[in-house]
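The exercises below concern sheet pairing and helix packing. Work each one from the coordinates before reading its solution.

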Amino acid sequence: MDAEIQKKVDLWLKGNYDQATKDEITRLQQENPTELTEAFYRSLEFGTGGLRGIMGVGTNRMNKYTVGMATQGYANYLKKSWPGQEVRVAIAHDCRNNSRFFAETAANIFAANGIKVFLFQSLRPTPELSFTIRHLHCQGGLVVTASHNPKEYNGYKAYWDDGGQLVPPHDTNVIREVEKIAGVDEVKWSGGESNITMIGGAIDEAYIAMVRSLSVYPEVIEKQHNLRIVYTPIHGTGIKLVPEVLQRFGFTNVHVVDEQATPDGNFPTVIYPNPEESEAMSIGLRKAKQIDADILLGTDPDADRVGIGVKDKNGDWALMNGNQTAVLAFNYMIEARKAKGVAGPTDFVVKTIVTTNLIDEIARRNDINCYNVLTGFKYIAELIKEKEGAENYIIGGEESYGLMIGAQVRDKDAVSAVALLCEMAAYEKSKGRGLYEKLIELYVQYGFYKENLISITKKGMNGQKEIADMMSAYRGHPPTAINGSPVVQMLDYELRTARNLQTGQSSPISLPKSNVLQFILEDGSKISARPSGTEPKIKFYFSVHAKLERAEDFDKIHGELNARIEGIISDMKLK
């Protein structure tokens with residue numbers, strides 16, 4: 001074992017750690033030294049989603065001690081940032097194994113540091129935590145969740161006073177404070193219990209009232225209240241609020257998928273509790289077919305992502321991808337606000353750089369500013385904060401099944417998204433059509449954009465290096481052509497430069513530094529490469545587009561676009 005790793009292991013064996021932790025380290029030394037190396041070879045870091053990892057012993061695992069040291073560092077930074085003031089934080093957690101334990105651990109540490117803590121009595125959706133920070137005028141907060149990761153994982157998202165996740169400089173400053181914590185003896189584990197206040201029902205009511213205020217066409221819901229809705233929380237926190245919100249919106253025909261209704265951190269009916277995975281939506285799809293539903297919706301364990309299913313033009317059920325759902329949602333908010341006469345000259349929408357450019361096109365043609373930010377809703381929240389008072393935020397979203405409607409929550413919110421998507425389905429039904437037909441109409445109007453995503457996982461200590469080598473190769477030797485189309489431009493968000501590969505000219509990128517590369521081809525195709533901030537994965541995003549003259553040509557153009565994406569994947573040797 002590497003000497004540095006051994007040093008960390010010895011520190012845990014000799015230090016002030018509980019006996020069960022020490023026993024587990026000893027067992028791994030004897031039975032699984034490879035796993036022990038994995039558990040100690042590095043420390044968990046804040047990525048785009050905060051702290052996230054497999055639960056277990058070690059510096060590279062989610063456990064009482066890594067959560068404790070991270071919380072102590074965060075508490076120190078909060079107190080430095082607001083000297084001489086009462087500091088307040090809100091804490092929520094999802095349905096995962098140990099989530100309540102980690103939430104209570106964090107609450108006790110904040111409280112022991114003299115910080116006023118508002119802790120939810122039981123599991124809650126992540127977006128409600130963001131809302132609560134703003135509602136209770138907190139300076140920070142956290143939610144214990146690993147979003148849609150497998151059951152072995154847990155995590156911890158940290159927030160700032162605007163209700164958005166930590167962004168520069170706060171994220172790196174918190175990391176610095178965490179790194180200053182030399183050991184568990186520097187963590188204040190207990191002693192301030194009187195600083196903890198339990199919260200629940202009253203916050204739920206305030207949050208539900210906020211979501212209801214987002215409705216654009218309540219009169220349409222009144223007429224279409226019988227819209228047949230199937231909803232699955234996929235064993236997560238959505239069950240706490242989504243059915244109630246749909247009822248308050250006026251929908252009277254909501255069917256919850258019973259097999260996935262009970263919160264359960266083992267996610268017994270799915271491999272991945274992720275609405276992006278068709279397997280996770282399969283039980284809901286079966287129910288939707290059984291009752292001839294109008295729309296199927298599924299939310300992930302912490303209810304910040306939503307996936308939907310609708311009938312296609314042939315009457316067969318189809319699961320929408322995140323780009324398609326975002327296009328429908330953005331267009332609905334833009335169109336509906338115009339029709340209602342509430343659209344304003346300062347309205348703006350936000351998407352991420354890897355989300356479909358069809359949204360940019362819809363916004364452009366409707367004279368609405370569309371801003372592009374790096375991946376992560378914290379950057380959308382940051383932009384809203386920058387433009388507060390000058391411009392009016394309407395909706396934001398990204399291809400990975402996240403939407404954020406209205407500015408009263410500053411993280412992706414599947415609870416309000418489910419309600420608005422159902423309202424949108426009701427609106428289209430009142431026009432005698434479904435959401436799929438609406439999508440094709442948008443393709444005819446604005447252009448047919450087709451996207452795809454490949455995720456490549458590289459496990460273990462070498463995984464991160466393999467991914468880094470892949471990115472270095474693209475940077476140092478960018479392809480001159482992909483699938484027969486010349487590469488016109490390479491955007492390097494790490495170096496913050498856009499380079500025309502044909503003329504050699506460079507121009508600056510104004511977004512913060514991020515390890516993302518984009519290749520723009522002569523035929524309009526866009527390929528993005530982005531290593532994950534929280535997992536040993538690299539994601540490749542593909543976007544192609546063509547004109548769709550009429551709805552009848554949909555299958556033909558769809559086939560051509562699919563073939564183009566397959567050609568790109570094959571040429572880049574990604575399969």
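**Exercise 1.** How many bridges join strand β4 to strand β5, and do the strands run parallel or antiparallel?

Solution. The model is predicted, so local features need pLDDT of at least 70 and side-chain atom pairs count only at pLDDT 80 or more, while totals for chains, interfaces and linings use all residues. Residues are numbered from 1 along each chain as its sequence is written, and side-chain values use heavy atoms, with hydrogens and water left out.
- Step 1. Locate the strands: β4 covers residues 140–144 and β5 covers residues 153–159. Strands (E, at least two residues) and helices (H or I, at least four) are DSSP runs, numbered from the N terminus.
- Step 2. Count: three bridges join the two strands, which run antiparallel. Two strands pair if DSSP finds at least two bridges between them.

**Exercise 2.** Give the strand order of the six-strand open sheet and identify the edges.

Solution. 
- Step 1. The order is β1-β5-β4-β2-β3-β6, with mixed pairing.
- Step 2. β1 (51–54) and β6 (196–199) each have a single partner strand, so one side of each is left without a neighbour in the sheet.
- Step 3. From one strand to the next, the twist averages 15 degrees. Angles run from 0 to 180 degrees between N-to-C directions, and axes are lines fitted to C-alpha atoms, for helices over the stretch in contact.

**Exercise 3.** Describe how α13 packs on α16.

Solution. 
- Step 1. Helix α13 (residues 358–365) and helix α16 (residues 435–446) have axes 11 Å apart and an angle of about 70 degrees. That makes α13 roughly perpendicular to α16 (65 to 115 degrees; under 35 is roughly parallel, over 145 roughly antiparallel, the rest oblique).
- Step 2. List the contact (heavy atoms within 4.5 Å): α13 supplies Leu358, Glu361, Ile362 and Arg365, and α16 supplies Tyr443, Gln445 and Tyr446.

**Exercise 4.** Which way do the residues of β15 point, and are they buried or exposed?

Solution. 
- Step 1. In a regular strand the side chains alternate between the two faces of the sheet.
- Step 2. In β15 (residues 402–405), Gly402 and Met404 point one way, and Leu403 and Ile405 the other way.
- Step 3. All are buried (under 20% relative accessible area; exposed is over 50%, partly exposed in between, with a 1.4 Å probe and protein chains only).
- Step 4. Four bridges join β15 to β14 (residues 392–398), and the two run antiparallel. Met404 is the bridge partner of Gly396.
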